[in-house]
Amino acid sequence: MKPAEEYILNQPEPYRGILIHLQMQIELTLPEVELKYKWNIPCFYIGNSPICYLNASHKKQFVDIAFWNSAHLTKHLNVLISEKRKG
């Protein structure tokens, strides 16, 4: 098993379920995406270009999906949390 998959499967619920759901949605939407393990978290790449990463924050009790080029996002901006984060 790949380290990124181990990261996801070793998370306690509800984080594991959320991460699996996000992984499936990303892989269905972008079939050419590759799941890698960088900076101790699962990261999705197309070729050499990073797309997004997933992170379970147990302390803050949420799952992060962060996009490298978030400036290109145009829909659902009202639900994105950017407080104390890079744009």
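**Hairpins and a pocket in a predicted model**

Let me start at one turn: in the hairpin of β2 and β3, where two residues lie between the strands, Gly47 takes a positive phi near 65 degrees. What we are looking at is a predicted model, in which local features need pLDDT of at least 70 and side-chain atom pairs count only at pLDDT 80 or more, while totals for chains, interfaces and linings use all residues. Residues are numbered from 1 along each chain as its sequence is written, and side-chain values use heavy atoms, with hydrogens and water left out.

For the overall layout, the protein has two helices and four strands, and along the sequence they follow the pattern α-α-β-β-β-β. Helices here are DSSP runs of H or I with at least four residues, strands are runs of E with at least two, and both are numbered from the N terminus.

Now to the strands, where pairing requires that DSSP finds at least two bridges between them. Strand β2, residues 41–46, pairs with strand β3, residues 49–57, in the antiparallel sense over four bridges, and within this pair Phe44 stands opposite Cys52 in β3. On to the next pair: β3 is joined by six bridges to strand β4, residues 62–67, again in an antiparallel run, and here Cys52 stands opposite Phe67 in β4. The hairpin of β3 and β4 has four residues between its strands, and in that turn Gln61 has a positive phi of about 60 degrees.

Which residues line the second largest pocket? They are Leu22, Gln25, Ile26, Thr29, Leu30, Ile51, Cys52, Ile65 and Phe67. By pocket I mean, on a 1 Å grid over the protein atoms alone, an open set of points where a 1.4 Å probe fits, with protein on both sides within 12 Å along at least five of seven lines, and lining residues have an atom within 4 Å of a point. The helix α2, residues 15–29, and the strands β3 and β4 each supply at least two residues of this lining, with the largest share, four residues, coming from α2. The lining divides into seven nonpolar residues, two polar and no charged.

Technical notes: Nonpolar A, V, L, I, M, F, W, Y, C, P; charged D, E, K, R; others polar.
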